[in-house]
Amino acid sequence: MSDPVETTGGLTPEQLAAFWRDGYAIIPDALPPATVSALLAETRSLLEGFPLSDHPMTRFSTGEKSAHVGDDYFLTSGDKIRFFFEEDAFDAAGRLAKPKERAINKIGHFLHGLSPPFAALLDPARNPDLLGAGTSKESHPAAVARALGFRDPRCLQSMVICKQPEIGGAVPPHQDSTFLYTDPPSAVGFWYALEDATVENGCLSFLPGSHRWAPVRQRFVRAGSGGGTDFMDNDGPRFPAGDSYGEEKKGQGAEEGEYKMGEVKAGSLVLIHGNLLHKSEKNLSQKGRIIYTFHVIEGEGTKYDERNWLQPPEGGFTRLYRD
C-alpha cells in the first residue's frame with residue numbers, strides 16, 4: 001500500500017483523502033441491495049446448517065488473554081469455514097444458553113474461497129453488479145485496492161461477524177496489523193455492513209488520524225512448540241513505509257483523543273488502515289449487527305512470516321487483481 005495515485009478508480013477523491021487523513025473512509029452503497037440480500041441469505045444458511053455434534057464449542061474472545069484463541073480449531077481455520085461462539089452465549093455451567101444461530105460471534109476465515117456468494121465479491125466476472133455501484137466510479141474491491149496504491153493485493157482472511165442481540169461482545173481498541181503483520185505493515189480492512197450498524201447495536205468507532213502516529217508494538221503469533229497463540233513485541237517496522245508516519249507525529253493528548261462513531265447503513269463499505277486504533281461496544285439491544293469483513297495485505301515488497309497465527313493455504317493468499 002502506497003500513497004494515492006493520480007487515477008483513484010474505485011474511490012472518489014474525497015473518500016481517498018479521508019482515508020489518508022483519518023485512517024478510515026466510509027463508502028455508502030458500495031454493495032447493491034441484491035448483493036446484500038445474497039450475502040445475508042448465505043450467512044443465515046451457514047448459521048442454521050452447521051452441526052453442534054462435532055463442534056468443540058470454541059468461543060471467540062474479544063479480549064487479549066483468553067487461551068481458547070490458540071486452540072487447533074481456531075489455528076487451522078485459515079482454509080476452512082468455522083464457527084466461533086460469543087463468550088456470553090453460555091450459562092454458568094458451560095451450556096449453550098441461546099439457539100446456535102443466535103450464539104455465534106464469528107464465521108471464518110476462508111469464506112472468500114469456499115462460499116460462492118462471498119467469493120463472488122472478489123471476482124469481477126462473477127459479480128458485475130459491483131461495477132458502478134454506489135457513489136464512486138467503481139466499487140469493486142480490486143478497484144478500491146488500486147486506488148489505495150496496492151501493487152499486488154492479497155486477501156488473507158474473511159469473516160462474518162454477527163454482534164448478536166444482547167450478548168454481542170465489546171471489542172477493545174486495537175490495530176488490525178497487530179493480527180495480520182507484514183514487514184513493513186500493509187494491512188487494510190474492507191468492512192461491509194450487511195445490516196445497519198448503529199450506536200445501539202455496537203457500530204465501530206475510530207480514533208481519527210491515529211494510523212499516522214500509533215506504532216504496531218505487538219504481533220499476534222503462534223506460540224511455538226507449546227502450541228496456542230501469544231502476543232510478542234514487534235521487532236520489525238512499526239509503520240508502513242514513507243515519511244507520513246512516525247511516533248513524532250502524535251500531538252499532545254492524541255492517545256486520549258475522542259473516538260468517532262461510525263454509524264452506517266447496510267451496503268456501506270468501511271475501509272480501515274492497519275495502524276488505525278478502532279473499537280466497538282457491546283450490543284445490548286434487541287437488534288443484531290451482521291457484517292462481512294476481509295483483510296488485504298501487500299504481496300509485493302513485503303514479508304509475511306511463519307510467526308503469524310494465520311498461515312497461507314496451499315496456493316497462497318487470494319489475489320485481488322484477476323487481469
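A search of the whole structure, which is a predicted model, identified 17 aromatic pairs, where rings of Phe, Tyr and Trp (its six-membered ring) pair if their centres lie within 6.5 Å, and planes under 30 degrees apart count as stacked, over 60 as edge-to-face and the rest as tilted. One of these pairs is formed by Phe19 and Trp20, with an edge-to-face arrangement at 5.2 Å centre to centre and 85° between the planes. Both Phe19 and Trp20 are buried (under 20% relative accessible area, with exposed meaning over 50% and partly exposed in between; 1.4 Å probe, protein chains only). Phe118 and Tyr292 form a tilted pair, because their ring centres are 4.4 Å apart and their planes stand at 40°. This pair links distant parts of the chain, 174 residues apart, with Phe118 in helix α5 (residues 116-120) and Tyr292 in strand β13 (residues 291-298); helices (H or I, at least four residues) and strands (E, at least two) are DSSP runs, numbered from the N terminus. Phe118 is buried at 0% relative accessibility, and Tyr292 is likewise buried at 0%. Ring pairs join Phe118 and Tyr292 with Phe190, Tyr192 and Phe294 in a cluster.

Residues are numbered from 1 along each chain as its sequence is written. For this predicted model, local features need pLDDT of at least 70 and side-chain atom pairs count only at pLDDT 80 or more, whereas totals for chains, interfaces and linings use all residues, and side-chain values use heavy atoms, with hydrogens and water left out.

Charged groups were also located over aromatic rings (NZ of Lys or CZ of Arg within 6 Å of the ring centre and within 35 degrees of the ring normal). Arg146 lies over the face of Tyr321, 4.1 Å from the ring centre. The charged end of Arg212 is placed over the ring of Tyr245, at 5.4 Å from its centre.

Salt bridges (a side-chain nitrogen of Lys or Arg within 4 Å of a carboxyl oxygen of Asp or Glu) number 16 in the structure. Lys98 lies in the loop between β2 (81-85) and β3 (104-109) and Glu166 in the loop between β4 and β5, so the bridge ties together parts 68 residues apart in sequence. Lys98 is partly exposed at 26% relative accessibility, as is Glu166 with a relative accessible area of 33%.

A salt bridge also connects the side chains of Asp152 and Arg319 (3.3 Å, N to O). Asp152 occupies the loop between α6 (141-147) and β4, while Arg319 belongs to strand β14 (residues 318-319), so parts 167 residues apart in sequence are tied together. Asp152 is buried, at 12% relative accessibility, whereas Arg319 is partly exposed, with a relative accessible area of 44%.

The side chains of Arg219 and Asp305 form a salt bridge at 2.7 Å, N to O. Distant parts of the chain are linked by this pair: Arg219 is in strand β8 (residues 218-222) and Asp305 in the loop between β13 and β14, 86 residues apart. Arg219 is buried with a relative accessible area of 1%, and Asp305 is buried with 10%. Through salt bridges that share partners, Arg219 and Asp305 belong to one network with Asp235 and Arg307.
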